Structure formats: structure tokens, C-alpha cells
Amino acid sequence: MSVDRLVIRRPDDWHLHLRQGAMLRAVLPWSARQMGRAIIMPNLRPPVTTPAAAEAYRAEILAALPAGSRFVPLMTCYLTDGTDPDAVAEGYAKGIWTAVKLYPAHATTNSAHGVTDLAKVAPVLERMQAIGMPLLIHGEATDHGIDIFDREAVFLERTAAPLLDRFPRLRVVLEHVTTQEAVAFVRRHGPSGRLGATITAHHLLINRSDLFAGGIRPHLYCLPIAKRERHRLALVDAATSGDPWFFLGTDSAPHPMKDKEAACGCAGCFTAATAIELYATAFDRAGRMDRLEAFASLNGPRFYGLPPNEDTIALERGDAAVPDLVMPEGGAAGDSVLPFMSGEALPWRMA
Ligand code: DOR
Ligand code: ZN
């Protein structure tokens, strides 16, 4: 059935990079316009590792919100080899932190302080398991001998599977899954209620050939890197399945143009400017607009034990223009951010 208008509960973004300062102030309004809440990634410089740092970052975000916005940032703790289990538990008990983020050391942007060996953080994971605090995982093996397109699948086998065995009640979100293997893994463990996964809009829309369509496309480069078409199809199938363990997480990750279009360009796609429209595009192409609400607005809160947002948004068929550029205040030319699919028209827009 083809519909031209769809009203859904307001979505949430369960994986978002907002940065700080002028960049934060430039990108935040785009998320706040659409999303009720967002899980805020802690990979700042320096990373957010203490309750005090998380409170200060939350205050910076709240101060940057447009007047009247009710957007709620949900803060995360950046896990390091030296993270103190008591500090994690204290920040969780006080409602400062919603979850802990695990970056394997050197897996991606600002992950140099990440975990070098899971054995070192076992006491933290024990405590999180005891208090029910979720662990959000960037699931890529970092060993340079492993082909970049295989890093997620290898991580699942070598690290994620043993981790779930060792901590059988630890609640885990596999972030930004990109492969058939990850989809199968989540389907295997999802029904127990302890494993969920986020899927980005860009991984639903591009495959690895798109990275090189007519030349190298630095703005499509992100981590985990986009995979073959069969993997993209598996992700579309998962997102549109209605299965409650798959939910929306954009991984929107803005970088200044000068850092993307460089000899060694940064990883990250800035999708927040039109996030729900991008997801709608993917769901519409799959003929499954009827399942967008579950994925975008219901499954995430359910996993996190939170109520869905009370208000709604309306989507209608009709061209949504992706903005050309987002410019942080006081920025020069190379400081602007190019939104994913900028200049293109998407088939659904927010009313
Ligand atoms: O592409 C990415 N960009 N992947 C990540 O994991 C981090 C992010 C960033 O912070 O730029
Ligand atoms: Zn991310």
C-alpha cells in the first residue's frame, strides 16, 4: 500500500556525535528538530571519562539547544583500560550516564584512549552487568593484518561472542552494524532481550562501490566502512523487519570539509541534517514505510527501558532538499560540513 502521509511517534537517535563548541552549535539544531532524545557519543578530546566531564558536556549541549527545544541528551561514559567501576556505577545511579561506550583502541576517530584488552575492563563489565547498565560497542577488530572489510565479522567471532558468554546478563548494543554476519548475530542473541543493534541511515543507502563511484568519495567514508551490496540488503531486511532488537542510530559524525577532503580524510558521515528523511527513503524503497515507526521510535526506548516519546512527527511524500552545507559560526570555507546526499532531493519530508 502506498501512503503519502505518515504520523509516527517522535524518533530518537541512539547513536550520535555532536562534538563541541561552534560545531556542536551548528549541528545540534538539526537533530533537535527531529529527535526526542539521543545517545551522545563521548569520543571528544579529551574523551568523556568521568561523571563530572559528562555533566559539563551535557550542560554545554543544553546551552546550545534552540529556545523551547525539549531534546534530551543521554550521556555515555568512554571506557578506558583505567575506568573505575565505582565511578561508572555512581554516574549511572545519579542518572548522569545512560550507558558505557567501548571503543577498541585505535578503531576510529578519537579512540586512542580506548580499550586495549577486555581483560583489563572485566571489573567494570561485572559491575555493569550487576546494575543493568548497557555496554555500547564499536565492533571492529583493530589488528592491522585484518582486512578493513572483515573487521566487524572478525570482532564478532573473536571478541563479541566470548564477551556475551563471559557476561551472560550484560546488556549490549552492537553499534552501527554493517554486515550479514552482524545481522545474524543479533538475530541469534536478540530474543533473550540482552542484545540490540543500531543501524545507520547511510549503511542502508550505500555500499562499498558507492565510495568509488566515478572517483573517490570522501564524504561517504565512515567506520565501519560500507560493505558489499549483499550486506546492505541484509541491513535493510533487518531494519524493516519490525524485530525489536534493531533500532535507529545515525552515527552522524560531522567533520570539517578540510578534514574530509584531505590526503588522509577523517571517517564519518554527517546525516543528522535529514536523518529521518534518509531512513524514510530506505524504508520507502523497501516498501516498508509501515515499519518505520517501530524502528525509529519504539524499539530503542523499549531496549533502554524508557517510554516512547509522547509527541509525534508527520512525514509526507514530496521532495526534501538536503542542505548544501552546514557552517559553524565564525568558520572559514574549509570549516563547513557537507551533509550526506547534500544537494539531492529525498522522497519524504518532515511536515
Ligand atoms: O565514521 C565514524 N566516525 N565512525 C566512528 O566510529 C566515529 C565517528 C567519528 O567520531 O567521527
Ligand atoms: Zn559513532
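**Exercises on the two ligand sites**

An oxygen atom of ligand 1 lies 3.2 Å from an N or O atom in the side chain of His138. The model is predicted; local features need pLDDT of at least 70, and side-chain atom pairs count only at pLDDT 80 or more. Residues are numbered from 1 along each chain as its sequence is written.

**Exercise 1.** Find which side chains have an N or O atom at 2.8 Å from an oxygen atom of ligand 1.

*Solution.*
- Step 1: take the cut-off for a polar contact, a pair of N or O atoms within 3.5 Å.
- Step 2: a polar side-chain atom of Asn43 is 2.8 Å from a ligand oxygen.
- Step 3: the side chain of His255 also has an N or O atom 2.8 Å from an oxygen of ligand 1.
- Step 4: the protein covers 100% of the 290 Å² of accessible area that ligand 1 has on its own (Shrake-Rupley method, 1.4 Å probe).

**Exercise 2.** State which residues coordinate the zinc ion (ligand 2), and whether His15 and His17 are buried or exposed.

*Solution.*
- Step 1: list the donors (N, O and S atoms within 2.8 Å of the metal, or 3.2 Å for Na, K and Ca). They belong to His15 (NE2), His17 (NE2) and Asp251 (OD), at 2.0 to 2.1 Å.
- Step 2: along the chain, their spacing is H-x1-H-x233-D.
- Step 3: buried means under 20% relative accessible area, and exposed over 50% (1.4 Å probe, protein chains only).
- Step 4: His15 has 1%, so His15 is buried; His17 has 7%, so His17 is buried.

Methods: Chains lettered and ligands numbered in written order. Heavy atoms only, no water. Polar contact = N/O pair within 3.5 Å; in protein donor to acceptor, adjacent residues only side chain to side chain.
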